[in-house]
Amino acid sequence: MSEYRMNERKSHIPRRIRWVGGILLAILVVAAIIVHFMYTENLRPVSNNGKSQVFTVATDSSLKQIAVQLKQAGLIRDTRAFELYVAVHDERDKLQAGTYKFSPSESVQQIVDALVHGKVATDLVTIVPGARIDQIRQSFINAGFKPAAIDAALQAGQYRADYPALADNPASSTLEGFLYPDSYQKTASTDPRTIVEEALTEMQNHLTASIRASFASEGLTTYQGVTLASIVEQEVSSSTDRPQVAQVFLTRLKKDMPLGSDVTAFYGAIKAGVAPTTSYDSPYNTLLHKGLPPGPIGGVSDSSLQAVAHPARTDWLYFVTGDDGVTHFSKTLQQHEAYTQQYCHKLCVQAQ
């Protein structure tokens, strides 16, 4: 006769289900191990090639943009692993703009450490796309030049005779918008004027006769074309979107509508020494005043110059860039407001 045990309990879960559950658990554990292995593997250096290359992080670059550029440059193995590493270590808002020297032999940890601590290349002066003249001045200071020498080098009048690209600029204008974004080599004996001249030469090379003729066909002087390109530069980062954005602004100019650009309003406020806002009334605020602002609001890249010279042939009147970085174009104010409500929450609140 078998003995009855009070503490004995039979499992009510069928053996087949327990068997399947065990297999699923084992699969999950193996999958987790594989994912962790792949993640760790993708943080390793791309190769043992120690040859450095220049890598520039533009102002206001997103984490995704930086990851894609690093991948395209052959400096990291995987964009998602890079983004995850930055997010896990809470470094997303700490990555600094500037010009760095990285090699494929550096790990993600080393690259992120350099970006977080701003370990820029000390033998280079970098003018990042969209940088204002005061930001460029600061870049020169950071590179070790003395403020007095920088201020002397940035006086626009001394260059007009030698640079036709400056010929139709107003007499009171600065070099705002005309120092081409790039990295320029420096040594202990380099004069800041040398770098300014190199940047002006680069700008002149990009302001080709064809570009200037295209500006004229749109009813713009070279100075006005560069001014509009500087707005396009800061409104959207995608070279694909820029011709459409240029088209929106050119159409608005022809229809005598305000450009309605937040970035021009920000510039006017900053120039006046107040916090960037869309409500500050300055000649640069194209939300309040029709026409182009008095001059460029920052540096321009070739894609923005090309966009103004060769705008898209569409009939958009509005655009908004969503929180995901995608730009949405529309023909009516009603559709524009709907897109803004649907796609732009964080960015549009920050723009106020």
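The model is predicted, so local features need pLDDT of at least 70 and side-chain atom pairs count only at pLDDT 80 or more, while totals for chains, interfaces and linings use all residues. Residues are numbered from 1 along each chain as its sequence is written, and side-chain values use heavy atoms, with hydrogens and water left out. Helices (H or I, at least four residues) and strands (E, at least two) are DSSP runs, numbered from the N terminus.

**Helix packing**

- Helix 9 (residues 222-235) packs against helix 11 (residues 262-271) at an angle of about 105°, and their axes are 9 Å apart.
- Axes here are lines fitted to C-alpha atoms, for helices over the stretch in contact, and angles run from 0 to 180 degrees between N-to-C directions.
- The two helices are therefore roughly perpendicular (65 to 115 degrees).
- Helix 9 brings I231, Q234 and E235 to the contact, and helix 11 brings D262, V263 and T264; contact means heavy atoms within 4.5 Å.
- Two residues of this contact are nonpolar, two polar and two charged.
- Nonpolar covers Ala, Val, Leu, Ile, Met, Phe, Trp, Tyr, Cys and Pro, charged covers Asp, Glu, Lys and Arg, and the others, Gly among them, are polar.

**Positive phi in loops**

- Most residues other than glycine have a negative phi.
- D90 has a positive phi, near 55°, and sits in the loop between helix 3 (79-88) and strand 2 (98-102).
- D90 is exposed, at 57% relative accessible area (exposed is over 50%, buried under 20%, partly exposed in between, with a 1.4 Å probe and protein chains only).
- D256 also has a positive phi, near 60°, and belongs to the loop between helix 10 (242-254) and helix 11.
- D256 is partly exposed, with a relative accessible area of 48%.

**Second largest pocket**

- A pocket is an open set of points on a 1 Å grid over the protein atoms alone, where a 1.4 Å probe fits, with protein on both sides within 12 Å along at least five of seven lines; lining residues have an atom within 4 Å of a point.
- Its lining counts 20 residues, with A97, G98, T126, S139 and N142 nearest the centre of the second largest pocket.
- Helix 5 gives the largest share of that lining, four residues.
- The lining has 10 nonpolar, 10 polar and no charged residues.

**Around E202**

- E202 lies in helix 7 (residues 192-206) and is partly exposed, at 24% relative accessible area.
- Beyond its neighbours within four places in sequence, E202 is in contact with Y180, D182 and Y184.

Note on methods:
Angles under 35 degrees count as roughly parallel, over 145 as roughly antiparallel, 65 to 115 as roughly perpendicular and the rest as oblique.
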